[in-house]
Amino acid sequence: MMAENILSIDLQLLALKQQTPVTAKALLQQAQLIQTCAQAIEYQHGIAEAILLQAQFHWADMDFAAAKQAIRQALHYAKKNHADDLLAEGYHLSALIHVAESSYTHALSAWYKCLKLLRTLRIESLQIEVLIGLGNLWALDLQYEKSQAALNEALTRANQINDAQLAAKAAICLSREHLKQGLFDDALISLSQADRYVSKYTNPTWYAEIYNYRARVWLSLNLTEQAHAECLQAWQQIAEHDHLAWAQCLTQVSLAQVALAKNIDPNPELNHASALAEHFNLYAFLKPNCFDPFTICRKKRTLE
C-alpha cells in the first residue's frame, strides 16, 4: 500500500519518470495508482503530474483521444495549483498530438503557449524539446532553413547540458532533414552523432531510425547491399516488440525501397507496412518520416 503523503507521491512520480518502459501500458496503471493517492490527500500538483504522465503513456501508444482527454484534466488541475511547469509540459504534449493529427496551426499555437511560460520557468530540457518539435514542424512546412536552425540549436543546447537523450533526438531529426534535401554527407555526420548519443540511452526505436535513415543514404548513393544490411540491423532491433509498430512500419518501407532498387517485387514489404499502418493508424507518422510512402507505390507501378 502506498503511503499517502506529498513526499512519497513526489518520489513515486520521479521514479516512474525515470523508468525505461517495456511498454507504455505497463506504466499506465502505476500512474493511475499514484493519481488515486494524490487525490486522497487533495494534492493538486501530484494529481496533475500523474495525469500528465498518463497522457504521455497514451501518446506513446498512439491513443490520441485518451491522451487529449488526460491532457485536458491535467491542465485543469495544473491551473488550479498555478503549476506553470506542468502547464508548459501539457502544451508541449498537445502540440505533438496536433502534429500527429496534421493540425499544424494548433500545434504551433500550443508550442507558443509553452514558450511563453518557459520565458520565466527556464526549463532547459523542455525548451530543447520544443525546439526539436518546431524544427520538425518547419520541415513539414518546407521551411528548411528554419528547420535546420532550430534542430542545430537543439543539438547544441543538448550538448551544453550533457543530455544524451535530447542530443540523440535532435541529431536523428537533423539527419532526416539532411536526407530529405539530398545532403548525404551531412546526413552521415549527424547519423554518426546520433549513434554516439543513442549508445548512452537504449531506445530500439531510435536505433531503428538511425539504421533506416542511413539505409536511405546508401540507397541514394546506389549502395544497395549496404542499405539492405542497415535495414536488417533495424529489423533485428524491433521485430520482436509489438509496441514498436511505427518503427517496424518505417523499416518495411525501407526494405520495399531496397527491393525496388534490386528490381525485386516490393509487395511483401509494402503489404506488411500497409497492414501495420492501417491497424495502428500510422499514416500521420509515415508522411514526415518515410518521405511520403506513397511514392514507393507509384515507383512500383512504373516497374510493372
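## Salt bridges across the model

A search of the whole structure turns up nine salt bridges. Keep in mind as you explore that this is a predicted model.

Let's begin with a pair that links two separate elements. Glutamate 101 forms a salt bridge with lysine 68, and their closest N and O atoms are 3.1 Å apart. Glutamate 101 sits in the loop between helix 5 (84-100) and helix 6 (104-121), while lysine 68 belongs to helix 4, so this pair ties together parts that are 33 residues apart in sequence. Glutamate 101 is partly exposed, with a relative accessible area of 32%, and lysine 68 is partly exposed too, at 30%.

Now look at helix 9. The side chains of lysine 180 and glutamate 177 meet in a salt bridge, at 3.5 Å from N to O. These two residues are three apart in helix 9, which puts about one helical turn between them. Lysine 180 counts as partly exposed at 29% relative accessibility, whereas glutamate 177 is buried, with a relative accessible area of 1%.

Another salt bridge joins the side chains of arginine 214 and glutamate 230, at 3.7 Å from N to O. Arginine 214 lies in helix 11 and glutamate 230 in helix 12 (residues 224-238), so the pair ties together parts that are 16 residues apart in sequence. Both arginine 214 and glutamate 230 are buried. Elsewhere, salt bridges with shared partners join Glu124, Glu153 and Arg157 into one network.

## A buried arginine without a salt bridge

Which side chain of opposite charge is nearest to arginine 216? That is glutamate 209, 9.2 Å away. Arginine 216 is buried yet has no salt bridge, because a salt bridge needs the nitrogen and oxygen within 4 Å. Arginine 216 lies in helix 11 (residues 204-220), and a polar contact of 2.9 Å joins its side chain to that of serine 254.

Helix 4 (residues 64-80) has 17 residues, which at 1.5 Å a residue should span 24 Å; its end C-alpha atoms are 24 Å apart, in agreement. Its buried residues are Phe64, Ala66, Ala67, Ala70, Ile71, Ala74, Leu75, Tyr77 and Ala78. Seen down the axis of helix 4, these buried residues fall within an arc of 165 degrees, so they line one face of the helix. The face turned away from that buried side carries the exposed residues Ala65 and Arg72.

Helix 10 (residues 184-198) can be checked in a similar way: its 15 residues should span 21 Å, and its end C-alpha atoms are 20 Å apart, which agrees. The buried residues of helix 10 include Leu188, Leu191 and Tyr197. Which helices do the buried residues of helix 10 pack against? Their partners are helix 8, helix 9 and helix 11.

## Positive phi angles outside glycine

Glutamate 42 has a phi near 55 degrees, a positive value in a residue other than glycine. You will find glutamate 42 in the loop between helix 2 (24-40) and helix 3 (44-60), where it is exposed, with a relative accessible area of 63%.

Asparagine 162 also has a positive phi, of about 60 degrees, although it is not a glycine. Its place is the loop between helix 8 (144-160) and helix 9 (164-180). Asparagine 162 is exposed, with a relative accessible area of 66%. Finally, histidine 82 follows helix 4 and has a positive phi near 55 degrees.

Notes: Residues are numbered from 1 along each chain as its sequence is written. This is a predicted model: local features need pLDDT of at least 70, side-chain atom pairs count only at pLDDT 80 or more; totals for chains, interfaces and linings use all residues. Side-chain values use heavy atoms; hydrogens and water are left out. Helices (H or I, at least four residues) and strands (E, at least two) are DSSP runs, numbered from the N terminus. Buried means under 20% relative accessible area, exposed over 50%, partly exposed in between (1.4 Å probe, protein chains only). Lys and Arg count as positive and Asp and Glu as negative; His and the chain ends are not counted. A polar contact is a pair of N or O atoms within 3.5 Å; within protein, one must be able to donate a hydrogen and the other to accept it, and residues adjacent in sequence count only if both atoms are side-chain atoms. The expected span of a helix is 1.5 Å times one less than its number of residues. The arc is that of the directions from the helix axis to the C-beta atoms. Contact means heavy atoms within 4.5 Å.
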